[in-house]
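Reader: Please take a close look at one part of this model, the salt bridges, and go through them in one connected answer.

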Amino acid sequence: MGHGSQFCHARGAKLLDAQRLTKTYRVGTETVYALRDVSFSALQGDFIVINGPSGSGKTTFLNLIAVIDRPTAGEVFIENQATSTQSEGQLAVLRKTKIGLVFQSFNLIPVLSAAENVEYPLLLQRRPKPEREERVRALLAEVGLSDLARRRPSELSGGQRQRVAIARALVSGPMIVLADEPTANLDSKTGEAVMDLMRRLNEEHCVTFIVVTHDPAVSRYAGRRVRIHDGRLEEGEGDGVAAPAS
Amino acid sequence: MGWRLPLRSLWRNRRRTLLSLAVVALGTAVSLFVLGFLENSRFQIQESTVQEYGNLQVASSKLWNNEADGYDYLIFPSDEERVTSQLRTESGYRGSTSELQFPGLLGTGRETQVIRAIGIEPENEVLDFAGYAVAGRGLERADTAAAFVGRTLAEKLSLSVGSVIMVTLTTVDGAYNASPFTVAGIYKYSNERFEQQVIFVPLAFAQRLLNTDGVDRIVVLLDTIEATNPVASRLAAALETDGTDLVPRTWDDLSPFYRQLASYFNALFAFLSLAISILVFFIILQVQTLAFLERTREIGTIRALGTTQREVFGLFFSESAWLALLGSCMGVGLGAVLVGAFNAIGIQWLPPGTIEEFTLGARIEVKTALVPFAVSLAATLLSALYPATQASRLRVVEALRIE
């Protein structure tokens with residue numbers, strides 16, 4: 001399926017490089033640091049879990065590397081390409097071609113069916129209909145939702161919705177999937193199933209996964225673990241350990 | 001998602017969509033009804049104006065420009081023939097008749113009244129007013145000193161069929177002349193003032209009284225009102241080439257009342273359309289802004305997935321385009337039903353200054369329907385610009401934070 005095995009020969013290539021990222025907010029007259037001088041890189045095939053308590057700057061960091069927000073200082077490179085100088089339109093193209101996103105609240109489009117939600121990124125890329133249908137069918141099969149393809153998000157359970165979101169994140173063959181608290185709205189058993197799925201897809205597709213979570217249970221899936229505390233990044237156990245080869 | 005996402009978003013929020021559609025449809029329907037009513041009134045006035053003036057009249061420029069010295073504007077038989085020959089070449093030409101108008105003093109022995117006498121060719125097919133007789137008859141070819149007087153004048157001077165009146169006038173040579181006339185009939189007309197001032201007499205007798213064989217105008221009737229301007233242009237060009245000072249004037253040129261009324265109707269419709277459009281604009285703006293606020297997170301999501309600002313704008317704008325299109329179409333349908341119902345009721349109305357009731361109605365044609373349709377469409381699309389622009393300019397990260 002997709003880019004998986006084709007690109008696995010490039011395992012270990014640097015895909016994402018964040019250099020000295022700082023993000024501040026103004027609260028009244030005060031400057032609040034959400035991130036301070038954070039540097040980070042991710043290689044192809046990595047499965048990285050970023051831990052940290054609420055308010056530590058995890059989501060801010062994820063937003064910056066997902067190029068949906070811009071840093072106050074520092075630079076995010078994707079495939080050695082600086083992003084700070086790119087226009088909104090160029091960043092949108094970057095997001096739709098190279099980055100897949102999984103949200104804590106699933107963020108599916110409520111008026112579209114499961115299959116149509118998965119199809120959405122391919123429509124943005126103006127892929128031909130036969131290709132879209134084939135990829136949607138394959139991805140839904142891979143996340144175990146072939147039978148529920150026509151259901152609307154409101155007709156799916158939390159775990160099923162998150163699986164649709166994962167399929168949507170992977171459908172256009174991104175290099176990196178960024179997941180923000182993907183298990184936070186799921187019970188522990190469903191959360192485990194979702195993490196198992198992400199890990200399997202990481203191995204099979206050779207796609208880099210970066211998962212932000214405050215749930216310590218998720219850390220055991222990490223090939224590499226990073227901790228953010230008070231806006232600073234600390235490498236944790238498993239530092240530098242790549243995901244197992246497929 | 002092409003057309004799917006906007007349509008499904010509209011379907012998902014059915015109550016809001018129905019409200020928007022109702023607002024657009026009602027606005028369109030009311031505009032259409034008002035326009036249809038004004039168009040019908042204008043049409044009726046147009047018809048009666050053409051009945052009164054003909055499609056066009058040909059006269060000397062001296063008469064049209066009030067530059068006459070005595071009766072030096074008269075048209076004599078050779079020029080009259082030249083005009084009618086030219087008119088006979090026109091396919092829409094139905095007929096023409098000549099008139100000779102003159103001011104006079106009408107006396108009954110007890111009372112006098114200033115009048116305008118119109119010498120007409122009796123039983124002509126163009127303009128003889130015989131159909132308006134309420135007592136007696138219209139003028140006939142055999143008549144000589146016969147008069148066809150208005151109802152208001154007859155009431156004022158206590159005239160009836162067979163009454164004898166004396167008309168005093170000045171001949172073309174400046175001499176005084178007077179002649180008794182027998183009232184052959186009494187006519188009614190939609191204009192009270194016209195009824196009181198105008199009497200019709202046979203043209204030949206009028207010429208004899210004025211001591212001339214000339215006429216002051218040639219009244220032309222065409223098959224359709226639409227043919228008026230093209231025929232008038234061609235006739236004007238031909239008369240100019242012939243070197244005469246005869247000039248055609250069209251019915252709407254001849255009736256300042258119609259021109260004023262047409263301008264008034266246009267202004268009235270423009271004002272009402274504007275008021276309705278503003279109302280539609282602000283209601284749809286409100287509804288769409290609310291929709292945009294409710295869907296902030298969804299906008300954040302699709303932007304995060306790589307949808308560009310332009311695509312988000314297109315998405316929201318196309319939702320409004322569907323609303324505008326469907327609402328305007330429904331409005332035209334609703335307007336047609338309203339017009340049908342109104343025409344079926346057949347309300348009678350007596351306009352101020354007139355003596356005869358007429359049936360109020362509304363008249364719609366495809367081109368009439370296009371105006372309110374286009375105005376509603378434009379108002380709805382314009383109202384979508386602001387929320388669509390706001391939606392496209394949302395910062396992704398902020399939109400995603402909204403619960």
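Author: B:Glu319 is buried, at 3% relative accessibility. Its salt-bridge partner is B:Arg295, with the closest N and O atoms 2.8 Å apart. B:Arg295 sits in the loop between helix H10 (256-294) and H11 of chain B, and B:Glu319 in helix H12, so the pair ties together parts 24 residues apart in sequence. B:Arg295 is buried too, at 4% relative accessibility. Keep in mind that this is a predicted model.

B:Arg217 has a relative accessible area of 12% and is buried. B:Asp216 is buried at 1%.

Now a pair with another setting. B:Lys62 and B:Asp72 form a salt bridge at 3.7 Å, N to O. B:Lys62 belongs to helix H3 (residues 61-64) of chain B, while B:Asp72 lies in the loop between H3 and helix H4 (77-88), 10 residues apart. B:Lys62 is partly exposed at 30% relative accessibility. B:Asp72 is partly exposed at 35%.

Salt bridges also cross between the chains. Four are found at the interface of chain B and chain A. One of the elements that give two or more residues to chain B's side is H12 (309-345). H11(B) gives the largest share, six residues. That side holds eight nonpolar, six polar and nine charged residues. B:Arg395 pairs with A:Asp69, with the closest N and O atoms 2.8 Å apart. Over all chains, the structure holds 34 salt bridges.

Notes. Residues numbered from 1 in each chain as written. Chains lettered and ligands numbered in written order. Predicted model: local features only at pLDDT ≥ 70, side-chain atom pairs only at ≥ 80, totals over all residues. Heavy atoms only, no water. Salt bridge = Lys/Arg side-chain N within 4 Å of Asp/Glu carboxyl O. Helix = DSSP H or I, 4+ residues; strand = E, 2+ residues; numbered from the N terminus. Nonpolar A, V, L, I, M, F, W, Y, C, P; charged D, E, K, R; others polar. Buried < 20%, exposed > 50% of the residue type's maximum accessible area, 1.4 Å probe, protein only.
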